[in-house]
Amino acid sequence: MEVTARAPGKIILAGEHAVVHGSTAVAASIDLYTYVSLHFPTDSDNNDTLKLQLKDMALEFSWPVGRIKEALSGLGSCDASSPTSCSPEIIKSIAALVEEQNIPEVKIGLAAGVSAFLWLYTSIQGYKAAKVVITSELPLGSGLGSSAALCVSLSAALLALSDPVKLDLSHQGWLTFGETELELANKWAFEGEKIIHGKPSGIDNTVSTYGNMIKFRLGGDLTRIKSNMPLKMLITNTKVGRNTKALVASVSERTVRHPSAMSSVFNAVDSISNELATIIQSPASNDLAVTEKEETLEELMEMNQGLLQCMGVSHASIETVLRTTLKYKLASKLTGAGGGGCVLTLLPTLLSGTVVDKVIAELESCGFQCLIAGIGGKGLEVCFGGSS
Ligand SMILES: Nc1ncnc2c1ncn2[C@@H]1O[C@H](COP(=O)(O)OP(=O)(O)OP(=O)(O)O)[C@@H](O)[C@H]1O
Ligand SMILES: C[C@@](O)(CCO)CC(=O)[O-]
Ligand SMILES: [Mg+2]
């Protein structure tokens, strides 16, 4: 029996970091996906190992199922229908299982993803032999939600072949989960994100699960929104590596040092996100109205970027992107956790293709990588018998 699940990455249009502290944020899925295939051996295969293949990185890990059982003996029986947090003791036992795999030092950042894998796998499927293959179109650790896309696609694949989820296994092609299953996959993915991020708000796994565009507040308060204007964003990857967990922690530390000032910053971000959501959803009667809306969006993006600088999560490479795009009168802001990673630039409808080509050429001459992704597509989907 085999299933493949896919879940998209995301961009945050407004509100990253502040969302962890209770502000509203707005996010949209992008058409770059992480794929997880889950294959259970047949009884005649006589196989008792759990294999994890990270195909893009040419890495393969495996554990005898008995070894996992021995290490996680305190876990109790698994219950796929009730998402639970990984305790600090189990985290330590999982870390030992990951360490035994001798991940190359240059790729040690993957240890967090492999830990989340072991937690989600054993919690949803228990101690069973299987082969799991992961591939991703997303750059890892760049602000496009690779960790959430991993946790959502993994949870979906594991749930799709679990008892609480009843799906039509003979369905051909990609299949969307029902509301109850989506909610369950989202909750499990959040537990995985906690292992990778420390203190996630849940916005990344939620937009990856549901797709499209969402307005989000801490605690899962979710409004699905529909854009009423063309939204074209240039995504520039500075290729400066960073780690969301450390950046989220650094903003929390600044908040402890300056509670009153940071509370004002978070309040301002909340207003920006709400205004941005209103603008995006309001109908535009003609080209002039679209241009006016784009100018307002640009101003809100610039204001949000200024507040992200106040939080201490910008970076010299991000400032270079901002300066470069400003030469062409284009507004930009970082997206995701910052500290490097990706920057968004709004490409107005009336901007000529020649200007877009020039900006991209200039950004790429700085060593950055540019892409234009489709915004607001589908969320998680599954496909039985291999992906189509
Ligand atoms: N395809 C994958 N395979 C294995 N691990 C992955 C994969 N995708 C993400 N990860 C794990 O997630 C980590 C990156 O997550 P991180 O939250 O730091 O960045 P991001 O999710 O790409 O950006 P952001 O959270 O700002 O949107 C990787 O270092 C790795 O541990
Ligand atoms: C930085 C952050 O706000 C977004 C990362 O994409 C973290 C989170 O909300 O979990
Ligand atoms: Mg992440």
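In the predicted model, the domain assignment divides the chain into domain 1, comprising residues 2-224 + 376-384, and domain 2, comprising residues 228-371. The C-alpha centres of domain 1 and domain 2 are separated by 28 Å. Domain 1 contributes 28 residues to the contact, and domain 2 contributes 32 residues. On the side of domain 1 that touches domain 2, at least two residues each are supplied by β1 (2-14), β2 (25-39) and α5 (179-197). The greatest contribution to this side of domain 1 is that of β1, with four residues. Classified by residue type, the side of domain 1 that touches domain 2 consists of 11 nonpolar, 14 polar and three charged residues.

Helix α4, formed by residues 146-160, contains 15 residues. From the first C-alpha of α4 to the last, the helix reaches 21 Å, close to the 21 Å expected at 1.5 Å a residue. Helix α4 is mostly covered, with 15 of its 15 residues buried.

In helix α10 (residues 316-326), the buried residues are Ser317, Ile318, Val321, Leu322, Thr324 and Thr325. These residues lie on the same side of α10 because they cover an arc of only 165 degrees around the axis. On the other side of α10, Ala316 and Arg323 are exposed. The elements that cover the buried residues of α10 include the strands β8 (233-237), β9 (332-335) and β10 (342-346), together with the helices α9 (287-311) and α11 (353-365).

Definitions and conventions. Residues are numbered from 1 along each chain as its sequence is written. Chains are lettered from A and ligands numbered from 1 in the order in which they are written. This is a predicted model: local features need pLDDT of at least 70, side-chain atom pairs count only at pLDDT 80 or more; totals for chains, interfaces and linings use all residues. The expected span of a helix is 1.5 Å times one less than its number of residues. A residue is buried if 20 or more other C-beta atoms lie within 10 Å of its own, exposed if 12 or fewer, and partly exposed in between; C-beta atoms are placed from the backbone. Domain bounds come from an automatic or database domain assignment. Two residues are in contact if their C-beta atoms, placed from the backbone, lie within 7 Å. Ala, Val, Leu, Ile, Met, Phe, Trp, Tyr, Cys and Pro count as nonpolar, Asp, Glu, Lys and Arg as charged, and the others, Gly among them, as polar. The arc is that of the directions from the helix axis to the C-beta atoms.
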